[in-house]
There are 4 protein chains.
Amino acid sequence: MAQPTADAILAHILTGSRVATDLGIRVLATGPGFVRLGMTVAPHLLNGVGTCHGGYLFTLGDCAGAFACLTHNRRAVTHSAQIAYLEPALAGQELVAEGSELARRKRTGVYAVRIMQDDRVVATMTAICAIIDEPVLPDNN
Amino acid sequence: MAQPTADAILAHILTGSRVATDLGIRVLATGPGFVRLGMTVAPHLLNGVGTCHGGYLFTLGDCAGAFACLTHNRRAVTHSAQIAYLEPALAGQELVAEGSELARRKRTGVYAVRIMQDDRVVATMTAICAIIDEPVLPDNN
Amino acid sequence: MAQPTADAILAHILTGSRVATDLGIRVLATGPGFVRLGMTVAPHLLNGVGTCHGGYLFTLGDCAGAFACLTHNRRAVTHSAQIAYLEPALAGQELVAEGSELARRKRTGVYAVRIMQDDRVVATMTAICAIIDEPVLPDNN
Amino acid sequence: MAQPTADAILAHILTGSRVATDLGIRVLATGPGFVRLGMTVAPHLLNGVGTCHGGYLFTLGDCAGAFACLTHNRRAVTHSAQIAYLEPALAGQELVAEGSELARRKRTGVYAVRIMQDDRVVATMTAICAIIDEPVLPDNN
């Protein structure tokens, strides 16, 4: 019997994450060490100048980094992260965040994240995850 | 007539920030290049393991960095930021975030942020703000 | 007449960089928004435990980010950078650092850097460059 | 018999660090979780435009963060770091880097670093150190 798929793992994670579901975060694509997430810039996510608040861009990107890490079916938490804001993320439009693995060790993973709106990169992140040696879903061997 | 006070500037900013008011962020103390904010870890801020989601810790800290920058009455946006997570932030309890100025130039400010719960530092941040040469409240000379 | 090539631009940059030449940094491959650099871990680069000092890993990675940015023939300086150290870089062996463009605007570029030794990723970096609208080598139109 | 002093610990560290001694790094002041270092911007540290290369500013700052961590007499290595460059560091002049502890746990310490030339802050850093539970100098109890 095969290991749990990335899709199954992330469906489980998303169900358990009130923050992600409140924000309307959706899993668009997955693979080993990779995830693509979608989120619409809803009115309650806007800052004082009418674009997406940087905190919600970070939260989306943080999910992308952590979810990419979780595709390996080992629990993980973000240990540290860095974000660069490049362009405003416009209200009412779709954001896509891709997390991809730069490096992975037994206890540490590093993930690059790009947050895009149409073809514009609005923010980039690097997230360092601490990996805990416990399965998200039961391992099958 | 004196310049607008840090208190008046941040009261204006907070009123215009739906994100900050939705999160219950309060200004506890201000000074030139300094702010102390409070936020309670409400149920909708929790992650899957029942502690404050890292995205909301970041959002609180981002406000602390940006608000510290705004005390000088010049508009500003976060350009990039880095966060390190040290300990879980417990549900139902108060968080305090202090932003303080490390350096300020005409167009750039760097802010150190500490996020605490009781005496525990749960996260630290560095935020780099891009300063725009326009007043938040009208300048008085 | 074509624009200066990435190879020509980086040859010019390297010649003018005493730090890079002192460290024995070599350009192995280039492309638009991309560079691969090589550097041997010489004895004077070692820390107290006999592996490459983190400052020199950073310097190599900083060159990879900045050089990738310079391939577009616009002057640039590193504005901020973040590095994560994953594994020791062993003495006497070759390091390879690849810088690749995550996003580029008129005045800002973001570069991901991986520093490898054989197939091991020893460090990852993100560098944000400030772009100055002046050519490195004369523009040809 | 008292624990080894911060001065004694850092004297030992500096003696064993060829990189720090090659760069002429000096310990100016120490305390628990604190260090002030000095370094002159010598000719071989200059970049192509005649100011201190960012890699050497980082190396100085990295030493400030790590040395501040080592004052507690537990071995440590930098795990990740972030630097923001604010102003050029001028040739031939003295740099002062101060590292101070933002937070410390059993296995992790976070350090803020400011690098100054006269009264100008030329760069700020945050360094996260991984702490190893072994003494630098023998513990005395």
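## Basis of the model

Copies of a chain are superposed by least squares on the C-alpha atoms of residues with pLDDT of at least 70 in both. The model is predicted, and for this reason local features need pLDDT of at least 70 and side-chain atom pairs count only at pLDDT 80 or more, while totals for chains, interfaces and linings use all residues. Residues are numbered from 1 along each chain as its sequence is written, and chains are lettered from A and ligands numbered from 1 in the order in which they are written.

## Symmetry of the two pairs

Two copies of a chain are related by a rotation about an axis and a shift along it. Chain D is superposed on chain C by a rotation of 180 degrees with 0.0 Å of shift along the axis, at an RMSD of 0.0 Å, and the residue of chain D that comes closest to this axis is D:Gln82, with its C-alpha at 2.1 Å.

For chains A and B, a rotation of 180 degrees with 0.0 Å of shift along its axis likewise places chain B on chain A, with an RMSD of 0.0 Å. That is the relation of a two-fold axis. In chain B the closest approach to the rotation axis is made by B:Gln82, at 2.0 Å for the C-alpha.

## The interface of chains A and B

Residues are taken to be in contact if their C-beta atoms, placed from the backbone, lie within 7 Å. On this basis 23 residues of chain B are in contact with 23 residues of chain A. Helices (H or I, at least four residues) and strands (E, at least two) are DSSP runs, numbered from the N terminus, and those that give two or more residues to the side of chain B touching chain A are α2 (18-22), α3 (54-70) and β3 (76-85) of chain B. The largest share, eight residues, comes from β3(B).

By class, this side of chain B has seven nonpolar, 13 polar and three charged residues, where Ala, Val, Leu, Ile, Met, Phe, Trp, Tyr, Cys and Pro count as nonpolar, Asp, Glu, Lys and Arg as charged, and the others, Gly among them, as polar.

## The interface of chains C and D

Here 23 residues of chain D are in contact with 23 residues of chain C, and α2 (18-22), α3 (54-70) and β3 (74-85) of chain D each supply at least two residues of the side that touches chain C. 100% of the interface residues of chain D are also interface residues in chain C, so the copies meet through the same surface.

Strands pair if DSSP finds at least two bridges between them. Strand β3 (residues 74-85) of chain C is joined to β3(D) by five bridges, the two running antiparallel, and C:Gln82 stands opposite D:Gln82.

Between the chains, β3 (residues 74-85) of chain A and β3(B) pair in the antiparallel sense over five bridges, with B:Ile83 as the bridge partner of A:Ala81.

Within chain B, β2 (residues 34-40) and β4 (residues 94-104) pair in the antiparallel sense over seven bridges, and B:Thr40 has B:Glu94 as its bridge partner in β4(B).

Technical notes: Two residues are in contact if their C-beta atoms, placed from the backbone, lie within 7 Å.
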